[in-house]
Amino acid sequence: MRRRRQRTGRIAAGLRRREFPGGKEFFVKRHEYHDSVLLGETVEALRPAEGGRIVDGTLGGGGHSEALLERGARVIGVDQDAEAIEYARERLAGWGDRFLAVRSNFAEVVPVLMGMGICAVDGVLLDLGVSSRQLDAAGRGFSFRQEGPLDMRMDARGSVTAADLVNEWGASELERIFREYGEEPHARRIAGAVVRARERGVLRTTLELAAVVEGVVPRTGRIHPATRVFQALRMAVNREMEVLENGLVNLMGLLKPGGRMAVITFHSLEDRMVKRYFSRITAETVDRPEWPEARRNPDWAAVRVTRKAVVAGVAETANNPRARSAKLRVVEKRREES
Ligand SMILES: C[S@@+](CC[C@H](N)C(=O)[O-])C[C@H]1O[C@@H](n2cnc3c(N)ncnc32)[C@H](O)[C@@H]1O
């Protein structure tokens with residue numbers, strides 16, 4: 001009885017129970033909004049200097065920003081989600097003018113910052129995807145486990161929702177995003193089922209769509225059959241690949257020489273994009289078979305800080321399943337003389 005009361009108290013206090021092989025129990029503090037992934041590794045990699053200015057392009061619940069502030073940096077937190085901005089502003093209010101929240105897409109924030117007189121920064125962080133809060137809020141439509149509108153916009157000012165794609169896109173376009181963004185092996189079958197289902201009536205809710213997917217892809221194992229389809233739709237609604245491509249280039253342009261960019265991805269396509277971009281800008285020379293010798297790379301702009309992607313350790317993945325697919329890559333903007 002006493003043990004049960006103790007446990008209930010811990011859960012109420014926001015502690016998450018974890019059992020490890022060997023039967024030992026651990027209680028870990030959860031953050032109510034979002035558990036920041038690779039927190040220590042990211043802060044170390046960004047090397048925040050006293051008074052140095054860092055753009056956190058994916059502010060979310062403000063966990064990474066808070067850790068950077070604690071290390072002495074000034075932080076500009078950027079998020080396209082009004083709720084994230086409001087939440088983090090309140091959480092980080094105690095930092096006064098060392099913290100500034102800006103509602104914007106990170107791919108478009110550079111001119112906004114320039115308009116505020118911020119033309120160069122010492123660090124940039126991107127922690128991609130959605131926060132736990134966004135996933136858990138049924139009304140945002142990101143979750144196939146809870147009834148909600150098929151929305152999935154991170155920025156409610158955006159004009160396209162998941163319902164628009166599901167009800168208006170042709171079968172081949174749907175198949176393409178399910179396959180490309182969702183890496184869904186049954187992409188064609190699901191796209192066909194969606195088109196047939198909407199002939200019977202508009203698909204409006206998350207559970208309606210999840211049921212259509214479950215109707216053609218039976219449940220196997222622990223992963224819900226709609227997982228990949230929901231991920232693909234989220235990426236398409238928020239144009240995540242296009243935004244990342246532009247964001248990397250634009251934010252690299254904002255970095256001072258010697259400044260660092262850290263990017264955390266959760267999806268193989270995103271990681272590939274970051275890896276390729278970082279490879280392109282860190283190569284001193286380029287060579288082509290038709291050239292007699294290698295030439296200086298016109299895109300050489302940075303040096304590598306991480307050789308391979310940094311991944312979460314056993315303790316972190318045990319406490320936070322989302323950390324399992326996280327990959328952190330970091331580069332440093334080249335100083336002209338190097
Ligand atoms: C994974 S969460 C970040 C969590 C945060 N690092 C923390 O410690 O709490 C991602 C956040 O980035 C925001 N986001 C994703 N893509 C964005 C973009 N292109 N521009 C601005 N914000 C974006 C989402 O709205 C979400 O709040």
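The radius of gyration is taken here over C-alpha atoms, and the expectation for a globule follows the rule of 2.2 Å times the number of residues to the power 0.38. In this predicted model, the protein has 338 residues, for which a compact globule would have a radius of gyration near 20 Å, and the value of 22 Å found for the protein agrees with that expectation. Along the principal axes, the C-alpha trace spans about 65 × 65 × 45 Å. Of the 338 residues, 41% count as buried, and among contacts between residues at least 6 apart in sequence, 63% join residues at least 24 apart.

The secondary structure comprises 14 helices and 11 strands. Two of the helices, H12 (residues 240-254) and H13 (residues 268-282), have axes that come within 10 Å and cross at roughly 30 degrees. Because angles under 35 degrees count as roughly parallel, H12 and H13 are therefore described as roughly parallel to each other, and their crossing is right-handed. On the side of H12, the contact is made by Met 241, Leu 244, Glu 245, Leu 248 and Met 252, while H13 contributes Leu 269, Glu 270, Met 273, Val 274, Tyr 277 and Ile 281. Classified by residue type, the contact of H12 with H13 has 9 nonpolar and 2 charged residues, with no polar residues; Glu 245 of H12 and Glu 270 of H13 are among the residues that make the contact, and Glu counts as charged.

Technical notes. Residues numbered from 1 in each chain as written. Predicted model: local features only at pLDDT ≥ 70, side-chain atom pairs only at ≥ 80, totals over all residues. Axes fitted to C-alpha atoms, helices over the stretch in contact; angles between N-to-C directions. Helix = DSSP H or I, 4+ residues; strand = E, 2+ residues; numbered from the N terminus. Parallel < 35°, antiparallel > 145°, perpendicular 65-115°, else oblique. Left-handed = near helix turned anticlockwise from the far one by under 90°. Contact = placed C-beta atoms within 7 Å. Buried ≥ 20, exposed ≤ 12 C-beta atoms within 10 Å, placed from the backbone.
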